[in-house]
Amino acid sequence: MHVFPLATLDREPSDPANFTGPGSLRRIEGALSADPRVNVYRVHFEARSRTNWHTHSGHQMLFIVEGRCRYQKEGEPVGEAGPGDLIVVEPGENHWHGAAPGGAMTHIALNVNAVTSWGEPVSEDEYDAG
């Protein structure tokens with residue numbers, strides 16, 4: 001059994017090359033027997049902050065911890081999920097996710113056998129389509 005106290009995890013600012021707006025992440029390394037094929041992140045977004053469009057080569061699971069998560073798969077309408085909800089992203093799905101307009105949001109991202117390929121920023125019009 002391993003415990004990862006939040007206070008012991010380094011807080012990194014979100015990368016402005018791949019995120020719009022302020023946010024941060026904490027890498028939870030070694031969560032599954034140091035298996036490098038599984039990466040876990042606790043990601044915090046301020047209101048309206050979001051990722052760029054991106055894909056993953058493997059599955060991604062987003063567990064919403066607090067706030068409202070705004071998300072979109074390319075070609076589908078913008079959706080929202082709340083605390084306790086789980087979003088599963090299939091390999092190769094072009095998508096984005098971030099905080100809804102009303103406040104901050106935090107999710108735990110679990111990436112399995114996944115390399116991320118980053119795309120263009122999500123425009124204000126795309127974000128506001130929700």
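Trainee: What makes strand β8 and strand β9 a pair?

Mentor: Three bridges join β8 (residues 69–73) to β9 (residues 79–81). Two strands pair if DSSP finds at least two bridges between them. Three bridges meet that rule, so β8 and β9 pair. They run antiparallel. Strands here are DSSP runs of E, at least two residues long, numbered from the N terminus.

A word on the basis. This is a predicted model, where local features need pLDDT of at least 70, side-chain atom pairs count only at pLDDT 80 or more, and totals for chains, interfaces and linings use all residues. Residues are numbered from 1 along each chain as its sequence is written, and side-chain values use heavy atoms, with hydrogens and water left out.

Trainee: Why is R70 called buried?

Mentor: Its relative accessible area is 6%. Buried means under 20%, exposed over 50%, and partly exposed in between, with a 1.4 Å probe and protein chains only. R70 falls under the buried limit, so the label holds. R70 lies in strand β8.

Trainee: What makes the link between the side chains of R70 and E80 a polar contact?

Mentor: The distance is 2.8 Å. A polar contact is a pair of N or O atoms within 3.5 Å; within protein, one must be able to donate a hydrogen and the other to accept it, and residues adjacent in sequence count only if both atoms are side-chain atoms. So 2.8 Å is inside the limit. The C-alpha atoms of R70 and E80 are 4.5 Å apart, though ten residues separate them along the chain. The R70 side chain also has a polar atom 2.9 Å from the backbone oxygen of Y127.

Trainee: Is Q72 buried or exposed?

Mentor: Buried, because its relative accessible area is 13%. Q72 is in β8. Its side chain reaches the backbone oxygen of E76 at 2.8 Å. A polar contact of 2.9 Å joins it to the side chain of W96.

Trainee: How do you know that E93 is buried?

Mentor: Its relative accessible area is 18%. That is under 20%, so E93 counts as buried. It sits in the loop between β10 and β11 (95–99). Its side chain makes a polar contact of 3.2 Å with the side chain of K73.

Trainee: Why is S117 called partly exposed?

Mentor: Its value is 43%. S117 is in strand β13. Contact means heavy atoms within 4.5 Å. Leaving aside neighbours within four places in sequence, S117 is in contact with W53, H54 and T55.

Trainee: Which strands are the edges of the six-strand open sheet?

Mentor: The order is β1-β3-β4-β12-β7-β10, with antiparallel pairing. β1 (12–13) and β10 are the edges, as each pairs on one side only. Inside the sheet, β7 and β12 pair over seven bridges. There, I64 stands opposite H107 in β12.

Trainee: What makes a set of residues a nonpolar core?

Mentor: The members are buried Ala, Val, Leu, Ile, Met, Phe, Trp, Tyr and Cys residues joined through side-chain atoms within 4.5 Å. The largest such core here has 14 residues. Y41, V43, F45, I64, C69, I87 and M105 touch the most other members. β4 gives the largest share, three residues.

Trainee: Which residues lie nearest the centre of the largest pocket?

Mentor: F19, L25, Y41, T116 and W118, out of 23 lining residues. β4 gives the most to this lining, with four residues.

How values were computed: 1 Å grid on protein atoms, 1.4 Å probe; cavity = no way out; pocket = protein on both sides within 12 Å on 5 of 7 lines; lining within 4 Å.
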